[in-house]
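Hi,

Have a look at it first and then read on.

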Amino acid sequence: MDKIRIRGGQPLKGEIVISGAKNAALPLMAASLLTEETLRLTNLPDLADISFMAHILSEHGVGVYLNGNAQGSGYSNRLVELTAGRITSTRASYDLVRKMRASVLVLGPLLAREGHAEVSLPGGCAIGQRPIDLHLSALEALGAEIELLEGYIVAKAPKGLKGAEVVFPKVSVGATENLLMAASLAQGTTRIVNAAREPEISDLADCLNKMGARITGIGGGTLTVEGVARLHGAEHAVVADRIEAGTFAMAAAITDGELELLGARAEHLGAVIEVLEAAGVTLRESNRGLSVKRANGRLSAATVETAPFPGFPTDLQAQLMALMSTAEGTSEVTESIFENRFMHVPELCRMGAHIEVKGSKATIHGCPRLNGAEVMATDLRASVSMILAGLVAEGETLMNRVYHLDRGYEHVERKLADCGADIERLKT
Ligand code: EPZ
């Protein structure tokens, strides 16, 4: 298994092209099941999870044409053409779903298109139990009959789905996406109250509308979907990855460098902008993206609680903790979305960070120096937080289990090395 070796101390200087968002591309790919015509997605990131979703869709009979590879500094000009001319199977097997939870996003589209779907329960994951009850209750509100059989969700809607009002008791990105896709082909109108407002949701809604759906209220917490009889093919560019942009913004800050993040959009960063500015980082918008550097050389502590968009994203919590490990003062980070998302803490502490965890709150006592160490990646975002720490730590950091990283960051070591980081991937 590959490792990544970093020798800390180099301030990052230069520009990084922000790739298409993994968490937008995955539901967008699932949306191809809603039409027999071709859905063409461009600005597709070159990631393991994307290739895996392509494989899952091909198991349902979707024709997949994936081309182009990441060029140059990791900017991927990849595109995929997905044609679900005929669905050959409405069953998503445990063997596939357990490897990537986002596979559950085929449930809504299969049910809407075929009136039937059998999708394995995804099971838990490292960061939490992550149930899908909200997905199921939303589809039942549209008239689906759902039962659980031998670990599989068996959903039926032989007469099609009917529009309804669905009020989510808590914000769920995936449940909002499954419901949006299913409601697009339902008979009548669906109103989604307390919908997730993440930019990836808006990107999906924009693409569905290009396919002939009738979704209004995009970007807000209440979405209205007027069901149509069929959807047609379309072309759509995947929105830039706000989590990647936030990660590299913190890389510029932690190394006291200066980066231009090409394609990054300030309005997609929500509370991240205020939190970083309060910590002593300036983020200046340009027509090419975002320029990021420290305001006056110092980093100060922050107090943050993760929340649904536009709050501070849970997917940037681990990265912020690495940044705050080197700031002046004591920071507090509360993880309110997932129940077990502090696995990066023991690894950061092995690098010299002073972090205490009590329940869902971590207290970070900033220290002037981190030390390189051999560390273990545990989940996608925890792994990149160790890269951030390694970029500023004295000495060498060696990270194992790099496959976690490859799931969500497109050629991260190439993008960082192009900006002066002493980082390389060791093929073992
Ligand atoms: C999406 O996961 C993202 N994944 C996650 O990114 C992200 O952390 C999360 O949204 C929150 O922003 C993709 O988009 C592929 P949720 P999702 O449903 O949809 C609970 C990454 O690193 N919940 O918004 O699974 C759930 O347990 C990944 O890229 C229910 O209780 O997240 C969690 O506590 C990690 N019942 C909270 O809601 C449900 O039916 C938010 O989950 C669904 C969710």
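S331 stands opposite I364 in β23. That pair belongs to the contact between β21 and strand β23 (residues 361–365), where the two strands run antiparallel over 5 bridges. Before I go further, please keep in mind that this is a predicted model.

On its other pairing, β21 (residues 330–334) meets strand β20 (residues 303–305), and here the two run parallel, joined by 3 bridges. You can pick out two of the facing pairs by eye: T303 sits opposite E332 of β21, and V304 sits opposite V333 of β21. To get from β20 to β21 the chain passes through helix α10 (residues 317–324), and this β-α-β crossover is right-handed.

Put together, these strands form an open sheet of 4 strands in the order β20-β21-β23-β22, with mixed pairing. Its edges are β20 and β22 (354–358), each of which pairs on one side only. Neighbouring strands in this sheet are turned against each other by 15 degrees on average, ignoring direction.

The peptide bond between F309 and P310 is cis, with omega at about 10 degrees.

What is the order of its strands? This open sheet, of 4 strands and with mixed pairing, reads β24-β25-β1-β26. The edge strands are β24 (374–376) and β26 (422–426), and each of them pairs on one side only. If you want a pair to click on, M376 has N400 in β25 as its bridge partner.

There is also a hairpin to look at: β18 is joined to β19 through 3 residues. The two strands, β18 (residues 281–285) and β19 (residues 289–294), run antiparallel and share 5 bridges. One of the facing pairs is V281 with R294 of β19.

N43 has a positive phi of about 55 degrees, although N43 is not a glycine. You will find N43 in strand β3 (residues 38–44).

How many residues surround the ligand? There are 21, and the closest are D133, L134, S172, D315 and I337. By type, the shell divides into 9 nonpolar, 5 polar and 7 charged residues.

- K22: an N or O atom of the K22 side chain is 3.0 Å from an oxygen atom of the ligand.
- R130: a polar atom of the R130 side chain also lies 3.0 Å from an oxygen atom of the ligand.
- L134: here a polar atom of the backbone is 2.7 Å from an oxygen atom of the ligand.

On its own the ligand has 820 Å² of accessible area, and the protein covers 87% of that. Which elements give two or more residues to the shell around the ligand? They are α1 (22–30), α5 (133–141), α6 (173–184) and α12 (380–392). The largest share, 3 residues, comes from α5.

Cheers

Note on methods: Residues are numbered from 1 along each chain as its sequence is written. This is a predicted model: local features need pLDDT of at least 70, side-chain atom pairs count only at pLDDT 80 or more; totals for chains, interfaces and linings use all residues. Side-chain values use heavy atoms; hydrogens and water are left out. A residue is near a molecule or strand if one of its heavy atoms lies within 4 Å of it. A polar contact is a pair of N or O atoms within 3.5 Å; within protein, one must be able to donate a hydrogen and the other to accept it, and residues adjacent in sequence count only if both atoms are side-chain atoms. Accessible areas come from the Shrake-Rupley method with a 1.4 Å probe; for residues, only the protein chains shown count as cover. Ala, Val, Leu, Ile, Met, Phe, Trp, Tyr, Cys and Pro count as nonpolar, Asp, Glu, Lys and Arg as charged, and the others, Gly among them, as polar. Two strands pair if DSSP finds at least two bridges between them. A crossover is right-handed if, with the strands pointing away from the viewer, the path from the first strand over the helix to the second runs clockwise. Axes are lines fitted to C-alpha atoms, for helices over the stretch in contact, and angles run from 0 to 180 degrees between N-to-C directions.
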